[in-house]
Amino acid sequence: MIERKVRVISSPCPPFSLTSTTKTSKSGNLIGITIWLWEEIATELGCEYTLEDITDWPRALNMIRNNEADVLLSCTTVTGERVASMSFTHPYYQGRMGIMLGNKSPTASSWGTVGLRIGAILLAFITVVLLVSH
């Protein structure tokens with residue numbers, strides 16, 4: 001059991017954490033997969049917490065680095081610089097986004113099925129972790 005109230009912040013990253021104007025959770029108007037996961041962790045640990053929505057991503061990261069918050073709920077990339085100043089959970093979601101091109105595109109590769117040529121360009125990796133101040 002954690003003996004003090006934990007300061008938790010969330011930064012928007014739909015569908016993992018977002019502010020709703022119509023739905024509520026145990027955490028008020030913050031909803032999403034990560035919010036639900038945190039609520040379950042807090043219940044299991046028997047810890048009390050405050051949860052604040054921080055829409056300014058650099059500010060949210062700095063709050064964790066400077067121990068102004070204990071936990072950040074959002075999506076991020078794990079970098080060497082961040083690992084030096086904060087702890088990460090194991091990723092529980094990893095995804096990729098890409099662009100698909102139709103068969104008329106001059107840059108499309110010859111991959112595909114059913115006579116279609118489709119090309120994909122990798123844009124970004126999304127990793128969802130919980131960030132915890134050291």
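## Cover and overall layout

A residue counts as buried under 20% relative accessible area, exposed over 50%, and partly exposed in between, using a 1.4 Å probe and protein chains only. By that rule, 33% of the 134 residues in the protein chain are buried. This is a predicted model, in which local features need pLDDT of at least 70, side-chain atom pairs count only at pLDDT 80 or more, and totals for chains, interfaces and linings use all residues. Residues are numbered from 1 along each chain as its sequence is written, and side-chain values use heavy atoms, leaving out hydrogens and water.

The protein chain has three helices and eight strands, taken from DSSP runs (H or I of at least four residues for helices, E of at least two for strands) and numbered from the N terminus. Along the sequence, their order is β-β-β-α-β-α-β-α-β-β-β.

## Strand S1 and its partners

Strand S1 covers residues 6-10, and four of its five residues are buried. Two strands pair if DSSP finds at least two bridges between them. S1 runs parallel to strand S4 (residues 49-53) over five bridges, with Val6 opposite Tyr49 in S4.

S1 also pairs in the parallel sense with strand S5 (residues 71-76), here over three bridges. Ser10 has Leu73 in S5 as its bridge partner.

## Contacts across the chain

Contact means heavy atoms within 4.5 Å. Of the contacts in the protein chain between residues at least 6 apart in sequence, 62% join residues at least 24 apart.
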